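This briefing walks through a multi-chain model, topic by topic. Keep the sequence and the 3D view open while reading.

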Amino acid sequence: MNFPKELSYSESHEWVQKLPDGTVRVGLTDFAQSELGDLVFVNLPEAGDSMEIGDSFCDVESVKAVSDVYSPLSGTVSAVNEELLDAPQLINESPYEAWLVAVEDVSEFGELMDAAAYEVFCAQGH
Amino acid sequence: MGSYVPSTPAQRAEMLAAVGVSTLDDLYRDVPRDMLLTGENAAPGVSELEAAGELRAMAAKNHVFGAVFRGAGAYDHYIPSIVKRVTAKEEFVTAYTPYQAEISQGVLQSIFEYQTMICELTGMDVSNASLYDGASAAAEAAAMCRDRKRRRVLISGAAHPMVIQTIRTYCEGADVPAEVIPVRDGATDLDALKAALKDTDACFYLQQPNYFGVIEDAAAAGGLVHAAGARYVMGVNPIAAAVLKTPRECGADIAVGEGQPLGMPLGFGGPYLGFMAATHDLFRKLPGRIVGETTDDAGNRAFVLTLQAREQHIRREKASSNVCSNQALCAMTAAVYLSAMGPGGLREAASQCYAKAHYLAAELGKVPGFTLAYPEAPFFHEFVMACPVPPEELLARLEAADILGGLSVEGGVLWCATEKNTRADMDRVAAIAREVAQV
Amino acid sequence: MKLIFERSVPGRSSALLPACDVPECPMPEDFARRQALHLPEVAEIDLSRHYTELAGQVFGVNDGFYPLGSCTMKYNPAVNEEIAALPGFTGVHPLQPIHTVQGCLEALVTAEKLLCQVTGMDVMTFQPAAGAHGEFTGLLLIKAYHKSRGDTGRTRIIVPDSAHGTNPASAAMCGFSVVNVPSGPDGCVDLDALRAAVGPDTAGLMLTNPNTVGLFDKNILEITKIVHDAGGLNYYDGANLNAVMEVARPGDMGFDVVHLNLHKTFSTPHGGGGPGSGAVGAKDILAPFLPRFHAAASAEGYVFEDAPQSIGSVKEFYGNFLVILRALCYMRTLGEAGMREASQMAVLNSNYMRVRIAPHCRIATDGVCMHEFVMTLSELKKETGVTAKDVAKAMLDEGMHPPTMYFPLIVEEALMVEPTETESKETLDAACDAIIAILERAKTDPAAVRSTPHNTPIGRPDEVAAARSPKLRCEFS
């Protein structure tokens, strides 16, 4: 299981990456993708949609389940990773490159952990 | 009298002992006493011989007409013998939904073939595994088109009244508005449609041919709908679809229809078949089951129920439809029918429907007082004709001759002819009409 | 095996229609189809053999034991098929004059009377085509009822988390928001959670009883009273009625509206996924809102009536009539006594399998169950890696249809077993022996169980590939 140091993590298993230009990328962690199994589709929001801490902003489908993805921040979607629409398996293959959305005008972050804390959190079976 | 229970009294006693209770009633200890039925006055059933006799007596109280000139949503076409032979196979009849793909390839492949045929018939890209009937398919199609901004559903007033009613009922359930576009000269008033279309409209539903039999200018309607940014849903007759411009050629986003003409008996209204096909960009919004092709662990071609994360058993209240059962055996009926007829046979049936309806209209039109209600409008195998006497009089005379005449509607009688109707029968209809008109 | 399209040879056809006996009438060019039409071109023998081959790759009730929980795969009596194929029924146009369809209407009225007796309801509509369609219809009745009283604030439907997915999906289609209430591990409603959930916004409760874990909720009268006291109505999901026919009636339990799956409880065949029939019964308070075309007796014979404040129609015409006929024939054959016996034996068969399997696998509930029970394989999975799905696949090799997998959602690694009353003790014993053997093999040789099935027409299909790159039709070059 991989926990890159430069990222922050939420308790609902999203990673958060702050980019130099002020936008923030959000994706699913390695732990999340392994729990979800082979993903077959991602329902992404649209650019311009607002995101609120704790609200579901997209969902991911495996063969026999659909799971909500919860927002670790509040802001506005500036871009979605359209590559995932044709290749949802990228989340399984390289979860930290397969970002779901880029967010701008971030007003607030939810409670986030660093990589070490998140690794412990996962090890505790959350 | 029977209950189809094979276990003998001795076996029942053995099983009760194994379970650790002494009577069958003991199994219901959680049922509150005051609602528990004792079975003391439970009426017995009757033997198979008697039950079949009762039902046969009911069947005998119906009249099956020797010739049918009535359509209006249910059509009397020839059903090839092979259709009934194949679809009566007990494996197909007694199977459940093909959840276990390894032992359900027969059903899954038959649905995959059906999906392909519906795509071919409509010219569309993707089809689901079927829905309940044409009306509920139209209502489901309208629901597919709704999003946060576009809610209202527009319906052609020339659609079948029961389809309009069903779409309305579904819309009322979902608390979304539905508006009916008026009819002019037997066809949808396209000027009224253009004027009605707003940027909050989800879709427009057009029936082709329409309830009055008229062939609509479906491509023009589609242009108006798309110019307003809404989706275009066409309800098509599947026999006519073999020869008329396809929904794809008319620009439809979704094609639906009543599949009964494809080998299903009239059956007093059901079970029939709702078919639905759409353009590729809408495939994830299709309601109900969908079969897809894949491979098994040895690399062989295999079929499975797929895209299931759309469905109610996974998405629950977020699912866009609650559809679970479909009409699988009716879908198979349609596939066998289409295979038996082949492209040539289907076109032949369609062109005979067209030719015979036009012959009937011409023959009736020779009788004084019988004039087409919409003389300028092209029609397929149904048409409305004025009747110089109260329609009930004419229909009663036809009934006495074992002929089911057309349906009495506003403006006259809605007649239908199919490949089953003979020239002799049509001449009899015209002769009786002449007699009635001359009295 | 080949697709029907792969058997197609250009120019092949059958002689089915006579030559046209009226003058040819060419269609105007501007309406004419230009798109190609790829339909199979086959001889009748090709078609016949194709479907015979397909039939060899299907498993129906007539092929073997089918304990698919929640689906009530009982035997489909032959006489019912014969009746539904009578030309006096199949040849009747739905819009014929009413005096020419008196037998059809008599059948509907008779079926209504019998089903009202079984359910304790006052009226019945046969228009809904399937169970989920019945749910939709029943909820529309509830919505119309509140609306007619000006009680417009009732926007929420309470659904336990053990419910079938159709329940919340139907509620959403009717514009209701869904309140999920947790159930206890036995699938019974948590009364405190229910009391906390009800209020002036409660439109109703949807409940399956016996519940999806296979227990009759002993608090049923308290549950329906809580909802009624809050001003809501109670909806009975009839998926599990096969446990209680002529033993207990939804109408006596406090339910106001119920849907029945005639293709489950009343023996009509499933046809590989349909057609079914989702008849809906209601108490008198909901009768004014019934869908159109309700068959009734009158002084002039049988007629169709429209309810004064009808919700309209949920489909064309009057329902899946030929399916209703099969159910009617079934009910006449069994009578009340036979239906009671059927339910009692469904429950006995289920309990017999339960006590035989219980020593080898944990059952989700303790003690006597109703017509089905749920095995939970979570411990087996932890110990051996063998999942409920693996055990199900191993059953395929034993010539039986597996139970329902992974439902209800509140039970981990669930296999839901519903033997039905039409199976003999010998069949149950053979199935139990096979299941127990698989469970033992899972402990000694888990890899062998995980690699099943081997004796089926195909091996396990790649469902991930099917969903990632959907191929939903045959393409023609």
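Phe204(B) touches a set of residues that come from elsewhere in the sequence of chain B: Leu154(B), Leu193(B), Ala221(B), Val225(B), Ala230(B), Tyr232(B) and Val233(B), with residues up to four places away left out. Phe204(B) is also among the residues with the most contacts inside the largest nonpolar core. The model is predicted, and the points below should be read with that in mind.

**Nonpolar core**

- The largest nonpolar core holds 353 residues.
- Residues with the most contacts inside this core include Ala138(B), Ala142(B), Ile167(B) and Val233(B) from chain B.
- Leu325(C) and Val391(C) from chain C are on that list too.
- Helix α11 of chain B, residues 328–365, supplies the largest share of this core, with 23 residues.

**Chain B overall**

- Chain B has 13 helices and 16 strands.
- The C-alpha trace of chain B spans about 80 × 55 × 50 Å along its principal axes.
- Of its 439 residues, 62% count as buried.
- Take the contacts in chain B between residues at least 6 apart in sequence: 74% of them join residues at least 24 apart.
- UniProt, in an unreviewed entry, places the feature "domain: Glycine cleavage system P-protein N-terminal" at residues 3–430 of chain B.
- That span is 36% helix and 15% strand, and its end C-alpha atoms lie 53 Å apart.

**Contacts between chains**

- The contact between chains B and C takes 163 residues from chain B and 162 residues from chain C.
- On the side of chain B that touches chain C, α11(B) gives the most, with 21 residues.
- By class, this side of chain B divides into 83 nonpolar, 49 polar and 31 charged residues.
- The contact between chains B and A takes 4 residues from chain B and 6 residues from chain A.
- On the side of chain B that touches chain A, 2 residues are nonpolar, 1 is polar and 1 is charged.

- UniProt lists Lys64(A) for "modified residue: N6-lipoyllysine", in an unreviewed entry.
- UniProt also places "domain: Lipoyl-binding" (unreviewed entry) at residues 23–104 of chain A.
- Over residues 23–104, chain A is 20% helix and 44% strand, with the end C-alpha atoms 5 Å apart.
- Lys64(A) lies in the loop between β6 (56–62) and β7 (66–70) of chain A.
- Is Lys64(A) buried, partly exposed or exposed? Lys64(A) has 16 other C-beta atoms within 10 Å, so it is partly exposed.
- Across the chain boundary, Lys64(A) touches Gln308(B) and Ile314(B).

**Helix α13 of chain B**

- Helix α13 of chain B runs over residues 423–438.
- Its 16 residues should span 22 Å at 1.5 Å a residue, and its end C-alpha atoms are 22 Å apart, which agrees.
- Which residues of α13(B) are buried? They are Asp425(B), Met426(B), Val429(B), Ala433(B) and Val436(B).
- Seen down the axis of α13(B), the buried residues fall within an arc of 100°, so they line one face of the helix.
- On the other side of α13(B), Ala424(B), Glu435(B) and Gln438(B) are exposed.
- The cover over the buried residues of α13(B) includes β1 (67–68), α11, α12 (391–400) and β14 (403–404) of chain B.

**Backbone exceptions**

- Most residues other than glycine have a negative phi, and most peptide bonds are trans.
- His13(A) is not a glycine, yet it has a positive phi of about 70°.
- His13(A) sits in the loop between β1 (8–9) and β2 (14–18) of chain A, and counts as buried because it has 23 C-beta neighbours inside 10 Å.
- Phe268(B), also not a glycine, has a positive phi of about 50°.
- Phe268(B) is in the loop between β9 (254–258) and β10 (274–278) of chain B, and counts as buried because it has 28 C-beta neighbours inside 10 Å.
- The peptide bond from Gln208(B) to Pro209(B) is cis, with omega near -15°.
- Pro209(B) is in the loop between β7 (201–208) and α9 (218–227) of chain B.
- The peptide bond from Thr452(C) to Pro453(C) is cis, with omega near 5°.
- Pro453(C) is in the loop between α14 (446–450) and α15 (463–468) of chain C.

Notes
Residues numbered from 1 in each chain as written. Chains lettered and ligands numbered in written order. Predicted model: local features only at pLDDT ≥ 70, side-chain atom pairs only at ≥ 80, totals over all residues. Contact = placed C-beta atoms within 7 Å. Nonpolar A, V, L, I, M, F, W, Y, C, P; charged D, E, K, R; others polar. Core = buried A, V, L, I, M, F, W, Y, C linked by C-beta atoms within 7 Å. Buried ≥ 20, exposed ≤ 12 C-beta atoms within 10 Å, placed from the backbone. Helix = DSSP H or I, 4+ residues; strand = E, 2+ residues; numbered from the N terminus. Expected span 1.5 Å × (residues − 1). Arc of directions from axis to C-beta. UniProt positions renumbered as here; feature names shortened; annotations may be inferred.
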